[in-house]
Amino acid sequence: LRITNGFAASHSRNVQTKVFLRNHDINRIANQDDIAISEMIKKNIGDLKSTAAVTVELDWHSKEKASIYIAETNLPTDIGHFRLRAYRNSLDMQELINNEHVGNEPAVIYSSKHPPFGEFGVPVRIHDQCITSEVFGSKRCDCKEQLKMALEYVDEHGGAVIYLQQEGRGIGLANKVAAYALQDIGLDTVDANTHLGLPEDCRHYGAVPSILEDMGIDSIKLMTNNPRKISKLSELGLKIDDTIPMV
């Protein structure tokens, strides 16, 4: 059972159920049984003022899910109309990642015209947050352009972007700025990180299989130019049918 925004929803893995919840108002209780379940929880746990506390108690200690679905909303953009789907990593996953610079709230963006639920061979871009480029407009990398390209592809062809809070390949914004400062005086990316005592790459993709499973996506076509990302995701058991270059 999952409690989200004060309501009860089934964790059924049946894809038709997930599609039904996606196509209907998930912010309403579906039937009287759900109400009865909700009342039972309140009786056993107490009168909870914060529904988030319920999510923590019931979901975050689950061994089955690395990332827990929270809510979904419309996302109108200049590129097209999308749906934004929010998740939160379980405590077990947070402990596994063990990195204060990596955020615990992944998100999925998909086109409302082409829902990817219950599909296979789905085009998926697994994109790491880059505030300097995507927010501040930095030209030191092409992350903003790659995100825009991925969203345009998803808007036209379907698929999804999984957005992970892993600034600077997982070293965080402040460390990234420190590394940039060393690059300003001639060091390359690897040397700058090494000089600061930081790994070259400490990104973690452990939440991705759980998110894809929740959406009923059996296999993907990975949108990437990075062979290392393909290797890392394959090691996690993801079925990658093909790759789509980001050019």
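Tutor: Buried means under 20% relative accessible area, exposed means over 50%, and partly exposed lies in between, with a 1.4 Å probe and protein chains only. By that rule both Y110 and F117 are buried. The model is predicted: local features need pLDDT of at least 70, side-chain atom pairs count only at pLDDT 80 or more, and totals for chains, interfaces and linings use all residues. Residues are numbered from 1 along each chain as its sequence is written, and side-chain values use heavy atoms, with hydrogens and water left out.

Student: What makes the rings of Y69 and Y87 edge-to-face?

Tutor: Rings of Phe, Tyr and Trp (its six-membered ring) pair if their centres lie within 6.5 Å; planes under 30 degrees apart count as stacked, over 60 as edge-to-face and the rest as tilted. The count by this rule is two aromatic pairs. For Y69 and Y87 the centres are 5.8 Å apart and the planes stand at 70 degrees, so the pair is edge-to-face. This pair links distant parts of the chain, with Y69 in strand β3 (residues 67–76) and Y87 in strand β4 (residues 81–89), 18 residues apart. Strands (E, at least two residues) and helices (H or I, at least four) are DSSP runs, numbered from the N terminus. Y69 and Y87 are both buried. Y110 and F117 also form an edge-to-face pair, at 5.3 Å centre to centre and 85 degrees between the planes.

Student: Why is R125 called buried?

Tutor: Its relative accessibility is 6%, and the limit is under 20%, so R125 counts as buried. R125 is found in strand β6 (residues 122–128). Its contacts (heavy atoms within 4.5 Å) include Q146, A160, M223 and K229, when residues up to four places away in sequence are not counted.

Student: Which polar contact does the side chain of R125 make with another side chain?

Tutor: The partner is the side chain of H127, at 3.3 Å. A polar contact is a pair of N or O atoms within 3.5 Å; within protein, one must be able to donate a hydrogen and the other to accept it, and residues adjacent in sequence count only if both atoms are side-chain atoms. A polar atom of the R125 side chain also lies 3.2 Å from the backbone oxygen of M223.

Student: Is K176 buried or exposed?

Tutor: K176 has a relative accessible area of 8%, so it falls under the limit and is buried. K176 is placed in helix α7. The side chains of K176 and E167 are joined by a polar contact of 2.7 Å.

Student: Why is R169 called partly exposed?

Tutor: Its relative accessible area is 38%, which lies between 20% and 50%, so R169 is partly exposed. R169 is in the loop between β7 (160–164) and α7 (173–184). It has a positive phi of about 60 degrees, although it is not a glycine.

Student: How do you know that N226 caps a helix?

Tutor: A side-chain oxygen of N226 lies 2.9 Å from the backbone nitrogen of R228, at the N-terminal end of helix α10 (residues 227–235). After α10 comes G237, with a positive phi near 95 degrees.
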